[in-house]
Amino acid sequence: MSNPMTKTDKLDQLPEAARDRIQQLRLLFIKRSMEQLSQIRQLLEERTRAEDPRARDAELISLAHSMVGASGIFGFPDLGNAAFKLENNLREPGYSEADFLQAADDLIARLTMVG
């Protein structure tokens, strides 16, 4: 019985130029993730001072959604799962603030680990 190839094995089979480009894209993803971390922290801070804290939900949904797919592609599946959880939480009508805060904290922790 043969062993399935791992992602690393598949990457090793690519031409060097392709591997270099993938690494460049991964570094750009990490940089963008750090920018998104700052945006999320800012939105959460603004949310604490707002009359209607949920008014910023659309922006948080957009940020979380943008991380879901790319995270897995670039080797951060836990980040993608945390972003997915936050996005789904925010889309749920009448979501609980405690669940939201837990999902947001988890996403921030995962983003911090990326950088």
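Modeller: Happy to. When I say helix, I mean a DSSP run of H or I at least four residues long, numbered from the N terminus. Bear in mind that this is a predicted model. By that definition the protein has 5 helices and 0 strands, and reading along the sequence gives α-α-α-α-α. The part you're asking about is helix α5, residues 97-114.

A quick look at the overall shape before we zoom in. The C-alpha atoms fill a box of roughly 55 × 30 × 20 Å along the principal axes. The radius of gyration is 17 Å, whereas a compact globule of 115 residues would come out near 13 Å. Buried residues account for 30% of the 115. Of the contacts between residues at least 6 apart in sequence, 60% join residues at least 24 apart.

Now for α5 and its partners. Let's take α4, residues 77-91, to begin with. In general, a pair of packed helices is described by the angle between their axes and the distance between those axes. For α4 and α5, the angle is about 155 degrees and the axes are 9 Å apart. Angles over 145 degrees count as roughly antiparallel, and that is why α4 and α5 get that label. The crossing of α4 past α5 is left-handed.

Here's who touches whom. From α4 you have Asp78, Leu79, Ala82, Ala83, Lys85, Leu86, Asn89 and Leu90. Facing them from α5 are Asp99, Phe100, Ala103, Ala104, Asp106, Leu107, Arg110, Leu111 and Val114. Sorted by class, this contact has 11 nonpolar, 1 polar and 5 charged residues.

Asp78 sits in α4, and with a relative accessibility of 45% it counts as partly exposed. Its C-alpha is 9.5 Å from that of Leu111, although Asp78 and Leu111 are 33 residues apart in sequence. On the α5 side there's Met113; at 57% relative accessibility, Met113 counts as exposed.

The α2 residues involved are Ile30, Ser33, Met34, Leu37, Ile40, Arg41, Leu44 and Arg47. They meet Glu97, Phe100, Ala104, Leu107, Ile108, Leu111, Thr112 and Val114 of α5. By class, that's 11 nonpolar, 2 polar and 3 charged residues. If you compare the lists, Phe100, Ala104, Leu107, Leu111 and Val114 of α5 turn up in the contact with α4 and also in the contact with α2.

Is Gln36 buried or exposed? At 4% relative accessibility, Gln36 counts as buried, since the cut-off for buried is under 20%. Setting aside neighbours within four places in sequence, Gln36 is in contact with Leu63, Ser66 and Met67.

Conventions:
Residues numbered from 1 in each chain as written. Predicted model: local features only at pLDDT ≥ 70, side-chain atom pairs only at ≥ 80, totals over all residues. Heavy atoms only, no water. Axes fitted to C-alpha atoms, helices over the stretch in contact; angles between N-to-C directions. Helix = DSSP H or I, 4+ residues; strand = E, 2+ residues; numbered from the N terminus. Parallel < 35°, antiparallel > 145°, perpendicular 65-115°, else oblique. Left-handed = near helix turned anticlockwise from the far one by under 90°. Contact = heavy atoms within 4.5 Å. Nonpolar A, V, L, I, M, F, W, Y, C, P; charged D, E, K, R; others polar. Rg over C-alpha atoms; globule rule 2.2 N^0.38 Å. Buried < 20%, exposed > 50% of the residue type's maximum accessible area, 1.4 Å probe, protein only.
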